[in-house]
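Me: I'm new to this one, could you walk me through it step by step?

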Amino acid sequence: MNDGSASEPTPEELEAMSREEKMLSGSEADGVHIVHRRERFPVPGTRAEKRAERQVASLFLLTFVGAIAFMVCYIVVPWRFKLGDNNGYKWFTPVLGICLGVTLLGIGCGAVLWAKKLMPEEEVVQERHDGPSTEYDRQTTGATIVQGVVDTGIGRRKLLTRSLGLGAGAFGLMALFPIIGGLIRKPRGELDSTAWAKGVRLVQLDGTPVRPGDMEPGSLATVFPNTPGGKTASDTPTMLIRLRPDVKFVPRKGQEGFRWGDYVALSKICTHLGCPVSLYEQQTNRILCPCHQSQFDVLQDGKPVFGPATRPLPQLPITVDNEGYFIARSDYIEPVGPAFWERKNP
Amino acid sequence: MTDTASRARQRGGTPPVRRKGKPSPLAQAGIEVDERLPYAKGTRSLLNKVFPDHWSFMLGEIALYSFIILLLTGTYLTFFFDASMGEVKYNGSYTPLRGIDMSQAYASTLKISFDVRGGLIMRQIHHWAALLFVAAMLVHMLRVFFTGAFRKPRETNWLIGSTLLMLGIVEGFIGYGLPDDLLSGTGLRITEGIIQSTPIVGTWLAFLIFGGEFPGTEIVGRFYILHVLLIPGIILALIAVHIALVTVQKHTQFPGPGRTENNVIGERALPTYGAKATGFFMIVFGVLALLGGLFQINPIWLYGPYNPSQVSAGSQPDWYFGAFDGIVRLWPAWETRFPDYTIPAAFWAVQIPTIVIVGMIFYPMIERKLTKDNAHHNLLQRPRDVPVRTGIGVMGLLFYGVLVASGGNDVIADKFDISLNAMTWIGRIGLIVLPPIGYWVTYRICLGLQMHDREVLEHGIETGIIKRLPSGEFIEVHQPLGPVDSHGHGQLQYAGSPVPKKMNTFGGVGRRMIGFFRPVAELPRPAEHGEAEGQRELAGSGSTTGSSSDSGTESSEH
């Protein structure tokens, strides 16, 4: 990289050089010129020098104190969580942080201050040899490469080139198979269907089924299908909403009979990107998705009225079974959640 | 070591000559190694490497040090983390969650937070370091952009740096998804929705990544190996190449006296720069330790385990994902529908950041193509001297800023009592209107600053002294910076370095006080210095002409 112009000293000259002279000679050989170099304190033992030294030393001592304090606190301060935090566990992490911070900042600031205040000040110029290689190097390297390639006969032997290309191409393609192949899962309509089905009960998170008398007008309950895994699936959560008597519900076309009395069940999964649309505003009958602020109007059958969502929340057709509990009359009639390429638009 | 030598010389003593006889054990070991693997010359030139000094050059260092801290703390976390989505009943110390069904990933993260002594601070330092890592990379990149450090011959390093930024963001996001808590699960759900929105292959892609329909049982395990092995390995390799290229191509530097395209002026690696860099690593680590200890971050025990039917209000990703969240919030409900197929709105939304990122990655080539500037550049530019580029940068920053702010528009709406819908519209309009305004304003400011620089060079510094001429006219006295011609106009040329603008900030070779509260020593004027002629004529007090930012030399009383 570096080629200084200075010629190397003879062994005798080298023998006679001081350490500093050798250092300077070496830097010259590396194309590095120390144009300015001086002690921060040419006169040793001055008040300013001692003061600087004391500053650095006190920072290093701070590290000592911090490290000891860390070890002591690590042992002494209670660290186990207790409800009501009456044993001071909540101080454990902050105290460790302070001790560790002091330890590291002490040694760090000390080292920087040492360099800035006590190490010799220097201004050094390093030569930069940019630009391309020499014409000779370029041409000979180019010639070596081209000659090597020509010697293989790749240019002449078309049969070899083509068969190699064919083989390598197939090999590359083949390599993708074991890598990707094992990961592929063919979508088999999972996105078009959920665990809801005819006769499946609507249960709350704790497993209790819901009866029409359970909910006040204007209230909302999150319900799941009473099936294995129904509560952890990403497409089953449904909002069972009891409308207030004074509102007018406008169903979407083809969903006129999906409600049961003043109860309507809408998918809780946002049609934008799949967050649960959790914020139900009773006054306006609007539902807000807290992730990207899409807003849906319950009275218009879950129609999106603001934000990035493009589709209404699907409605689950519900009824009440013989024992008086809510059940689904079928699965959702359209895919739940975010849209995807294969989603049809009837 | 060399201190003593120069000290001896300056005190008039004889320089110590190497003593004959056996070398010290350490030197002997060095000789033994060198006989087998000759390293002397390479090591010497490495130690002699010169580092130019400017505060902005340490931004990349912060990124590097945060990454080292991430490796250290992350390795510790792996001792306890269990990357499994298998369901367990929580039975640990955190009583409010006892008896609740959760994944082993979430349970083991709780274990790190409550049942490993000092585990919580390790986790919090790790998270803070991740935020700092990405932030430092971004700011470092802005520095490189605005000073033109990416120009030939350093385009490759810009590409590597851009890749590192993207990988850092992905790595951070994947790490954020590992604990399988309610917040990260919501983030994963959104990501899945965006992947699923890709035309033609979206569903297949989502199923491939998640091993079936979301959430499945495989994603945490897959993310884990990506997070601890694959991506950090690539990042580490790219950092190595990034630094190797800086070493080979050497640092850029700001213009200043003596600084040319063909040299680097600064301090050598040993001892000054090395000591400063080591100290700085400790400082970065120390600050992260304080953050990790004192400022709670990602308290997953408050969110609870992931459940697709729940979400907490104000769900926010980590800051570096804010822009992506912002664009999907702002994008209107525009969906492309065919009878049998759909291109969801989210797909179009994410094309916007994608275009911006691609433009950013290839910016050096675009600029080189448009300006036809094919020369080597080792001297940096001041942003004001390249108004178009600076304007483009500000435009990009504003665009990004609006997106980040929109990523938290629900929080802003809540805290400042603004309508949420209004915030969305402010974001939508701001995204289109603000960047061009920012470009125009920046362009004008750059030109104004340029003109002022040239005016000061021609007429001198405004002294604030008002003089009344015999004719009754009032004029301000200007102090010329250097020799003037017969018309009283300065003859100094603009050299791409800061021009002194105030009476107490020019001179450069000025005197500086030692001592914080009271002066400990009065400084002598340095005898010789490589200052520009004109600037040396004025002995002001104070420090900078930028050219010689640290040349206000210090010494003791004499």
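The chat below takes up the meeting of the chains, a sheet and a pair of helices.

Me: What should I know before we start?
Reply: This is a predicted model, in which local features need pLDDT of at least 70 and side-chain atom pairs count only at pLDDT 80 or more, while totals for chains, interfaces and linings use all residues. Residues are numbered from 1 along each chain as its sequence is written, with chains lettered from A and ligands numbered from 1 in the order in which they are written.

Me: OK, how many residues of chain A are in contact with chain B?
Reply: There are 91 residues of chain A in contact with 106 residues of chain B, where contact means that the C-beta atoms, placed from the backbone, lie within 7 Å.

Me: Which helix of chain A gives the most to that side?
Reply: Helix 4 of chain A does, with 16 residues; helices (H or I, at least four residues) and strands (E, at least two) are DSSP runs, numbered from the N terminus.

Me: And how does that side of chain A divide by class?
Reply: The side of chain A that touches chain B has 47 nonpolar, 22 polar and 22 charged residues. Here Ala, Val, Leu, Ile, Met, Phe, Trp, Tyr, Cys and Pro count as nonpolar, Asp, Glu, Lys and Arg as charged, and the others, Gly among them, as polar.

Me: Which strand of chain B pairs with strand 2 of chain A?
Reply: Strand 4 of chain B (residues 263–268) pairs with strand 2 of chain A in the antiparallel sense over four bridges, pairing being counted if DSSP finds at least two bridges between two strands. A:Val125 has B:Ile265 as its bridge partner.

Me: Switching to the open sheet in chain A, what is its strand order?
Reply: The order of the five strands is 3-4-5-6-11, with antiparallel pairing. Strand 3 and strand 11 of chain A each have a single partner strand, so one side of each is left without a neighbour in the sheet.

Me: Is strand 6 of chain A largely enclosed or left open?
Reply: Strand 6 of chain A is largely enclosed by the rest of the structure, because four of its five residues are buried, that is, 20 or more other C-beta atoms lie within 10 Å of their own, all placed from the backbone. Strand 6 of chain A pairs with strand 5 of chain A over five bridges, and two bridges join strand 6 to strand 11 of chain A.

Me: Last topic, which residues of helix 18 of chain B make the contact with helix 17?
Reply: Helix 18 of chain B uses B:Leu420, B:Met423, B:Thr424 and B:Gly427.

Methods
Contact = placed C-beta atoms within 7 Å. Buried ≥ 20, exposed ≤ 12 C-beta atoms within 10 Å, placed from the backbone.
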